[in-house]
Amino acid sequence: MSVFDELKQEIMADPMNQDYTDKGIEPLFSASKEAKMVIVGQAPGKKAEASRLFWNDLSGDRLREWMGISREQFYQTDQIVHLPMDFYYPGKAKTGDKPPRKAFAKKWHPKILKQMPQVKTIVLVGSHAQEFYLRKDRKRNLTETVKNYQDYLPNYLPLVHPSPLNMGWLAKNPWFEKEVVPVLKKRVQEIVDGTAG
């Protein structure tokens, strides 16, 4: 059993995840000793939980487009892995899904990242990931944080969430697709090519 399989068993045995484990729902994440890039999103949606594939929706299609990689590369490479802020679907809120549980990433992300010593860049998708990883280094809001992405490179790259609900934000902030997306694509290519410093 690999160290990641052991961690998965620990996560499933954790009382905070008991309800999911009792229903036969396993944590949804990916990890690899070869990982060079980590994508930190919010939490699996209902479709992702049902299909056992993170980013298996329109948001995922746009994220892959921004990254400049195919669906196959996205799911099959060991160099790009996925640690959502919560590994379980948190349920529905009045608008969209509930936020990830705050205690989850704090407990499990450090343990998993410790086993991935080759990671060069952590891509922070959305405000929950940015709040957790950037802490006091965040700007006053998500837009300002993403706009100042260069302040966080190469360790972190903050992005807006690629959800269709953010089409209005993308329309108001054309600099994102002109400036930030090419940097993401370049970084992904360096990871895949093995030239990332």
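These notebook entries record what I looked up in the structure of this chain.

**Entry 1. Basis of the model**

I worked from a predicted model, in which local features need pLDDT of at least 70 and side-chain atom pairs count only at pLDDT 80 or more, while totals for chains, interfaces and linings use all residues. Residues are numbered from 1 along each chain as its sequence is written, and side-chain values use heavy atoms, with hydrogens and water left out.

**Entry 2. Overall form**

I first listed the secondary structure: the chain has 10 helices and 4 strands. Helices (H or I, at least four residues) and strands (E, at least two) are DSSP runs, numbered from the N terminus. In sequence order I read the pattern α-α-β-α-α-α-β-α-β-α-α-β-α-α.

I then looked up the dimensions. The C-alpha trace spans about 45 × 40 × 35 Å along its principal axes. The radius of gyration is 16 Å, which agrees with the value near 16 Å for a compact globule of 197 residues. This radius is taken over C-alpha atoms, and the globule rule is 2.2 Å times the number of residues to the power 0.38.

Of the 197 residues, 46% count as buried. Buried means under 20% relative accessible area, exposed means over 50%, and partly exposed lies in between (1.4 Å probe, protein chains only). Among contacts (heavy atoms within 4.5 Å) between residues at least 6 apart in sequence, 70% join residues at least 24 apart.

**Entry 3. Surface and charge**

The accessible surface comes to about 10300 Å², and carbon and sulfur atoms hold 50% of it. Accessible areas come from the Shrake-Rupley method with a 1.4 Å probe, and for residues only the protein chains shown count as cover.

I noted 31 positive and 24 negative side chains, with the centres of the two sets 5 Å apart. Lys and Arg count as positive and Asp and Glu as negative; His and the chain ends are not counted. Each charge is placed at NZ of Lys, CZ of Arg, CG of Asp or CD of Glu.

**Entry 4. The nonpolar cores**

A nonpolar core is a set of buried Ala, Val, Leu, Ile, Met, Phe, Trp, Tyr and Cys residues joined through side-chain atoms within 4.5 Å. The largest one holds 29 residues, and Ile39, Trp66, Met67, Leu159 and Phe176 touch the most other members. At least two residues of this core come from each of β1 (37-40), α4 (58-67), β3 (121-125), β4 (156-159), α9 (167-172) and α10 (175-193). Helix α10 gives the largest share, 7 residues.

Apart from neighbours within four places in sequence, tryptophan 66 is in contact with Leu159, Val160, His161, Pro162, Leu170, Phe176, Glu177, Val181, Leu184 and Lys185. I also found a second, separate core of 27 residues, with Tyr20, Leu83, Phe104 and Leu124 among them.

**Entry 5. Helix α7 and the residue after it**

In helix α7 (residues 127-134), I found Ala129, Gln130, Phe132, Tyr133 and Leu134 buried. Their cover includes β1, α6, β3, α8 (142-147) and β4.

**Entry 6. Other backbone geometry**

Most residues other than glycine have a negative phi, and most peptide bonds are trans. I therefore recorded the exceptions in turn. Arginine 52, in the loop between α3 (46-51) and α4, has a positive phi of about 65°. Arginine 52 is partly exposed, at 35% relative accessible area. A cis peptide bond joins leucine 153 and proline 154, with omega about 0°; proline 154 lies in the loop between α8 and β4.

**Entry 7. Single residues**

Glutamate 190 lies in helix α10 and is buried, with a relative accessible area of 18%. Beyond its neighbours within four places in sequence, glutamate 190 is in contact with Thr195 and Ala196.

Lysine 107 lies in helix α6 (residues 102-113) and is partly exposed at 36%. Not counting residues up to four places away in sequence, lysine 107 touches Asp14 and Met16.

Alanine 13, in helix α1 (residues 3-13), counts as exposed at 54% relative accessibility.
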